[in-house]
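This report looks at a few strands and at the residues that link them. Please keep the sequence and the 3D view at hand while reading.

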Amino acid sequence: QVQLVESGGGLVQAGGSLRLSCAASGGTFRSYAMGWFRQAPGKEREFVAAHRWTGGNTYYADYADSVKGRLIISRDNAKNTVYLQMNSLKPEDTAVYYCAADRHGFGGPPSSYEYWGQGTQVTVSS
């Protein structure tokens with residue numbers, strides 16, 4: 001069983017930065033695709049970023065168009081941790097952010113992520 005714990009959320013002003021962390025335990029972390037998703041009140045969960053295996057067995061980062069150039073996903077396999085560096089934050093970034101793990105390394109749709117954290121709140125004030 002894999003457990004994921006997010007941290008690093010908080011309240012920031014527009015234009016500010018946060019760094020989210022997701023610590024994984026209970027599995028072979030480096031083989032996982034890792035993703036970040038978010039959900040705002042009254043909205044469905046949406047994709048933010050993913051770090052996954054390509055067909056060439058190398059990591060590749062994908063981003064939602066709304067966060068490209070502002071948010072950066074990274075991972076430290078030695079620490080079993082994935083990060084989301086969030087810069088130039090906007091009020092519309094306000095949401096609960098979840099990390100997720102796809103143990104098969106594909107990192108496709110949300111249904112491919114078998115394990116999810118409990119989320120961390122990010123609030124961006126205008």
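This is a predicted model: local features need pLDDT of at least 70, side-chain atom pairs count only at pLDDT 80 or more; totals for chains, interfaces and linings use all residues.

Because its relative accessibility is 18%, below the 20% limit, S21 counts as buried. Apart from neighbours within four places in sequence, S21 makes contact with V5, E6, S7 and W36, and also with T81, V82 and Y83.

Residue T81 leads on to strand β8, which spans residues 81–86 and is largely enclosed by the rest of the structure, because five of its six residues are buried.

| Strand paired with β8 | Sense | Bridges | Residue facing T81 |
|---|---|---|---|
| β3 | antiparallel | six | A23 |
| β7 (residues 71–76) | antiparallel | six | D76 |

Strands β7 and β8 form a hairpin in which four residues lie between them, and N80, in the turn, has a positive phi of about 50 degrees.

Which cysteines does the disulfide join? The structure holds one disulfide, and this bond joins C22 to C99 with an S to S distance of 1.9 Å. The link of C22 and C99 is right-handed, with 50 degrees about the S-S bond. It connects distant parts of the chain, since C22 lies in strand β3 and C99 in strand β9 (residues 95–102), 77 residues apart. Both C22 and C99 are buried.

Terms used. Residues are numbered from 1 along each chain as its sequence is written. Side-chain values use heavy atoms; hydrogens and water are left out. Buried means under 20% relative accessible area, exposed over 50%, partly exposed in between (1.4 Å probe, protein chains only). Contact means heavy atoms within 4.5 Å. Helices (H or I, at least four residues) and strands (E, at least two) are DSSP runs, numbered from the N terminus. Two strands pair if DSSP finds at least two bridges between them. A disulfide is a pair of cysteine sulfur atoms within 2.5 Å.
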